[in-house]
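Please read the following walk through the model with the sequence and the coordinates side by side.

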Amino acid sequence: MAYRVLVTDDIDADGVALLASEPRLQVDEVPTLPKEELYARIGDYDAIVGRSATRVSEELLRRATRLKVVGRAGVGVDNIALDVATELGVAVINAPAGNTIAVAELFFGSLISLFRHIPRANESMHAGRWDRAQLLGAELKGRTLGIVGLGRIGGEVATRAHAFGMNVVAFDPYIPDTRFQSLRVRRAPSLEALLGEADILTVHVPLTEETTGMIGRSEIGRLPSGAIVCNLARGGIVADDALAAALDSGKLAGAVLDVYVKEPLTGDHPFRGRPNVILTPHIGASTAEAQHNVAVEACRAVRDALLSGELSRSLNVANSEGRDWSELRSAIVVAQRAATIARAILAGQGVRAVQRLTVRYGPDLAGAGEVLASAAAVGALEGVLESARLNMISARSLAASRGIEIAVTESSQLAHPSGVEVSLAAGMQELAVAGVAPHAAAWRLTRIGGFHVDVAPREVLIVLTNHDVPGVIGHVGTVLGAAKVNIAEYHQARLAQGGEALAAITVDPPVSTEICRKLLEIPDVLTATIVRFGASVAT
Ligand code: NAD
């Protein structure tokens, strides 16, 4: 089946070519479309790739019934309704790395322009003047650069600042010490501490609730007099009014701005016309190299998401704390299978409204908690929801909307360091199913409730409980054989001789639901559950 991809906003041709060269993708390239036209067309597409000019709003997403992926050739996704995409199971993929160098280089270009009055010098020369005496500049060497946000761009800025002989200090509470050390950047313990010493303050953080207005009147007040404030990240991180006031009062010697709260900047904006403010019209990523890089990066990720289901690049998928999803594949299978089995067995006991889903995982899977919780949520909802959009992106939000609480913890109490245990509970009833995933290609289910098992069901698992008496296994084999159901694995477990026993039987499809009735006719069989992975049926 071909997937249809809408490419808009003048994406670099190499990105479009990468998609178009794939026979299973049908690509339509259009200029930035008016909202109504985009709304009318979006229902035909499996993916849309664009830049910031196209707003992927809630309304657009709700009309996009086929949509699986939104690709953004660039970093910022403030033009995309991310929460709605998550709820609908639509992957949102950006291209975070491609324009890093472009922004870092613009930063120094603009900063040196300010320090050496390059725009004024250039303009005066072209106007036929020789204003040498009025163009006394200053040097970067020895000045303290305070960076807020030591991510990709902040890091490249730091590296280049060393080359200019600057003192580099940064504030980023979300980054480990090791990154500060490898970049040779001094860590400021707080934003206040950073502000206290920054001759030049530059922000390289995303626009979030926490960063909106994070450099306001009191923060600017803490800077040394004559400091410079730079924002090449997003408009609104530095508060406009506070910045204008500090420039007016002379507290700040200048500013460098590439981004604005409202773009394009109005003609009469108070930032315009100030010789000590370098203004550029959001050109941080506007280099041929960056546009090429982000287009190729986004288009490649969109292609992989559509054709291989590779979602680990999506922004709205569970965070695996830097762990590669390919390493976690078998643990993901265990979590999903375990939840599906628990749900099917509980449903067989009349418990359908699950209230709690708890995932415990061993220390070898450190960092995988969110991913495993998503996988378990998929398993718990599989066959319950008629949603074609139940996937690793939407599962936790769908579970939450159904009132299912999810808890996930790392635990050294499991039998194996790469163990995964999923338990589902409703009221006082709880059932835990566990397995192990010792490496990416190997997994087994090891426990159903209190029974130790050892099976790796691919498509169908039959779970039987029976009295531990002779002859049951033979009867079960006869019933399955008569129905032409092929047994792949048969694991019989019991808690005590003569007590209750459980059989985990991996079988090849097809298996009709009718089999359950026949299995229940066997004397001493107590319950029979067919679990179909992908869509499970409980009896
Ligand atoms: P990144 O995700 O690599 O880095 C952002 C850093 O900010 C992270 O290290 C994060 O820990 C840190 N951070 C988040 N909240 C913080 C807070 N409250 N206090 C301190 N640090 C905080 O992103 P990046 O690629 O370096 O890009 C940074 C920003 O630059 C982007 O979010 C984007 O908005 C902007 N950008 C602008 C242009 C442009 O054209 N001017 C181009 C590309 C990116």
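The structure holds 0 disulfides, where a disulfide is taken as a pair of cysteine sulfur atoms within 2.5 Å. In general, such a link is a covalent bond between the sulfur atoms of two cysteines. Cys-230 counts as buried, at 0% relative accessibility, and Cys-516 is buried as well, with a relative accessible area of 2%; here buried means under 20% relative accessible area, exposed over 50%, and partly exposed in between, with a 1.4 Å probe and protein chains only.

This is a predicted model, in which local features need pLDDT of at least 70 and side-chain atom pairs count only at pLDDT 80 or more, while totals for chains, interfaces and linings use all residues. Residues are numbered from 1 along each chain as its sequence is written, and side-chain values use heavy atoms, with hydrogens and water left out. The mean pLDDT of the protein chain is 94, and 99% of its residues reach 70 or more; pLDDT is the predictor's confidence in each residue, from 0 to 100. Over residues 535-539 pLDDT stays under 50, and for this stretch the model has 23 contacts beyond four places in sequence, a contact being heavy atoms within 4.5 Å. Where pLDDT is low, the predicted coordinates should not be read in detail.

Helices (H or I, at least four residues) and strands (E, at least two) are DSSP runs numbered from the N terminus, and two strands pair if DSSP finds at least two bridges between them. With helix H1, strands S1 and S2 make a right-handed β-α-β unit, which is to say that, with the strands pointing away from the viewer, the path from the first strand over the helix to the second runs clockwise.

How many of the residues of strand S6 (residues 144-148) are buried? The count is 5 of the 5, so S6 is largely enclosed by the rest of the structure. In a regular strand the side chains alternate between the two faces of the sheet. In S6, Thr-144, Gly-146 and Val-148 point one way and Leu-145 and Ile-147 the other way, and all are buried. S6 pairs in the parallel sense with strand S7 (residues 167-171) over 5 bridges, with Val-148 opposite Phe-171, and it is also joined by 4 bridges to strand S9 (residues 200-203), again running parallel, with Gly-146 opposite Leu-201. S6, helix H7 (residues 152-163) and S7 make a right-handed β-α-β unit.

Ile-175 lies in the loop between S7 and helix H8 (177-182), where this residue is buried, with a relative accessible area of 17%. Leaving out residues up to four places away in sequence, Ile-175 touches Leu-150, Phe-180 and Arg-187. The C-alpha atoms of Ile-175 and Gly-149, 26 residues apart along the chain, are separated by 8.6 Å.

Strand S13 (residues 356-361) and S14 pair in the parallel sense over 6 bridges, and Arg-356 stands opposite Glu-405 in S14.

Some backbone details remain. Most residues other than glycine have a negative phi, and most peptide bonds are trans. The bond from Glu-263 to Pro-264 is cis, with omega near -5°, and Pro-264 is placed in the loop between strand S11 (252-257) and strand S12 (277-279). A cis peptide bond also joins Pro-509 and Pro-510, with omega about 0°. Asp-10 has a positive phi near 55° and is exposed, with a relative accessible area of 60%.
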